[in-house]
Amino acid sequence: MSISRKLVEDFVANDVSFITTVPCKQLAGVIDEVEAHPDILHIPANKEDEGMGLCAGAFMGGKRPAIIMQNTAIGVTINTLVTLTQFYRMPLPMLISYRGELREPVACQVEMAVHTKALLSQLNIPTYHFHREADAEEFDTILKYTFMCNKPVAILTDASFWGGYGDQ
Amino acid sequence: MIRSDILKDIAPILRDHLVICNIGLPSQELHMIDDQPSNFYMLGTMGLASSIGLGVALAQDKTVISIDGDGSVLTNLGTLPTIANNVADNFILLIIDNGSYGSTGDQPTYAGRKTKLENVARACGCDTVVTCAAEETGEALQAAIDARKMTVIVAKCESGNIKLPVITKDPVVIRERFMKAVMA
């Protein structure tokens, strides 16, 4: 099973049935799997804070939501995470491509990467970092944890986890 | 008519439906006029009333009405293509368009100048967009509910606010009672 398929199967096994996405090159495979899965309503968002609003609504409507986005989105969504997701105590697994880490070819991505964990820490958001493929074994447990504690939880997935960008 | 007059007029219609109410004065006004468990008051996060409402509508079958403002829709303009492309016939976006940022001191918005949100909604692909005068809002809203067709209503009114207190209810209480109303 591909790693993208495994992550999506874990979502489904945890009753996650509403996923909003803002694309990233690293996430293309997992977004394809989300789109193709019959048990998931996939709603692409134009911006990540909009996506978090959709997820908040879906949660209150009775579905377990998730968002898939790039780490640059942390810069976009701080107000939403704090005043909506956290203030109203809503669960939100955030599967995040961690751009700007080892094997990154685009220098500008590093500028946000160096702030990503510090910002998540400042926001008291539980954060997990997938660096090797085997790290994804914890994904199922992380999803259970997220819906147990009703918090936004970040899963950072770097280029090494996704198999890099090919030869550099 | 100003926004609070519209809310007073349509409160008897809103009472029977799930309502996501915009941050600031709109929520405070609706809370004072007719507080209901089926009202979700936004205490923060400007711009997301329509996104939250669409999410609720896509997740279940009851009618959902998002009460938004022209300033808030401009803040999250990307919501209109998302609404247009993910049709939920149990969703109504009611934009109370007073051409100003009411909660912050009635500074003019671009919707009060050259930009027409009804035209923006249509250009984004929203199929049913209704424009009405303030006093026709109730009629337009009831028609949209009865049609069971996703509708964007732009209700034009004058800018102006009434004095009223902030909402002190705990956000988790607001969220929990709203979720019980969803399941009722």
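1. Let's start inside chain A, with one residue pair: Ser97(A) sits across from Thr157(A), which belongs to strand E6(A). The two strands involved, E4(A) and E6 (residues 152–158) of chain A, run parallel and are joined by seven bridges. Keep in mind as you read on that this is a predicted model.

2. Ser97(A) has a partner on another strand too: it is the bridge partner, in E4(A), of Gln70(A). That pairing belongs to the contact between strand E3 (residues 64–70) of chain A and E4(A), again parallel, with four bridges. To get from E3(A) to E4(A) the chain passes through H4(A), and this β-α-β crossover is right-handed.

3. Now the contact between the chains. Here 25 residues of chain A are in contact with 27 residues of chain B. On the chain A side, strand E2 (41–44), helix H3 (48–60) and helix H4 (73–86) each supply at least two residues. H3(A) gives the most, with nine residues. Sorted by class, that side of chain A has twelve nonpolar, eight polar and five charged residues. Note that H4(A), one of the contributors here, is also the helix in the crossover from E3(A) to E4(A).

4. Over in chain B, have a look at helix H3 (residues 49–59). Eleven of its eleven residues are buried, so this helix is largely enclosed by the rest of the structure. Among the buried residues are Gly53(B) and Gly55(B), along with Ser50(B) and Ser51(B). The list also includes Ile52(B), Leu54(B), Val56(B) and Leu58(B).

5. The sheet of chain B is open and has six strands, in the order E2-E1-E3-E4-E8-E7, with parallel pairing. Which strands sit at the edges? They are strand E2 (39–41) and strand E7 (129–133) of chain B, each of which pairs on one side only. On average, neighbouring strands in this sheet are turned by 20° against each other, direction ignored.

6. One handle for finding the pair on screen is Val19(B), whose bridge partner in E3(B) is Ile65(B).

7. Elsewhere in the sheet, Thr151(B) lies in strand E8 (residues 151–156) of chain B. Is Thr151(B) buried or exposed? Thr151(B) counts as buried because it has 22 C-beta neighbours inside 10 Å, and the cut-off for that is 20 or more. Beyond its neighbours within four places in sequence, Thr151(B) is in contact with Ile92(B), Thr128(B), Val130(B) and Ala144(B). As for Leu141(B), it is ten residues from Thr151(B) in sequence and 8.9 Å away in space, C-alpha to C-alpha.

8. Last, the confidence scores. Chain B averages a pLDDT of 97, and 100% of the residues score at least 70. For the model, ipTM is 0.97 and pTM is 0.97.

Methods
Residues are numbered from 1 along each chain as its sequence is written. Chains are lettered from A and ligands numbered from 1 in the order in which they are written. This is a predicted model: local features need pLDDT of at least 70, side-chain atom pairs count only at pLDDT 80 or more; totals for chains, interfaces and linings use all residues. Two strands pair if DSSP finds at least two bridges between them. Axes are lines fitted to C-alpha atoms, for helices over the stretch in contact, and angles run from 0 to 180 degrees between N-to-C directions. A residue is buried if 20 or more other C-beta atoms lie within 10 Å of its own, exposed if 12 or fewer, and partly exposed in between; C-beta atoms are placed from the backbone. Two residues are in contact if their C-beta atoms, placed from the backbone, lie within 7 Å. Ala, Val, Leu, Ile, Met, Phe, Trp, Tyr, Cys and Pro count as nonpolar, Asp, Glu, Lys and Arg as charged, and the others, Gly among them, as polar. pLDDT is the predictor's confidence in each residue, from 0 to 100. A crossover is right-handed if, with the strands pointing away from the viewer, the path from the first strand over the helix to the second runs clockwise.
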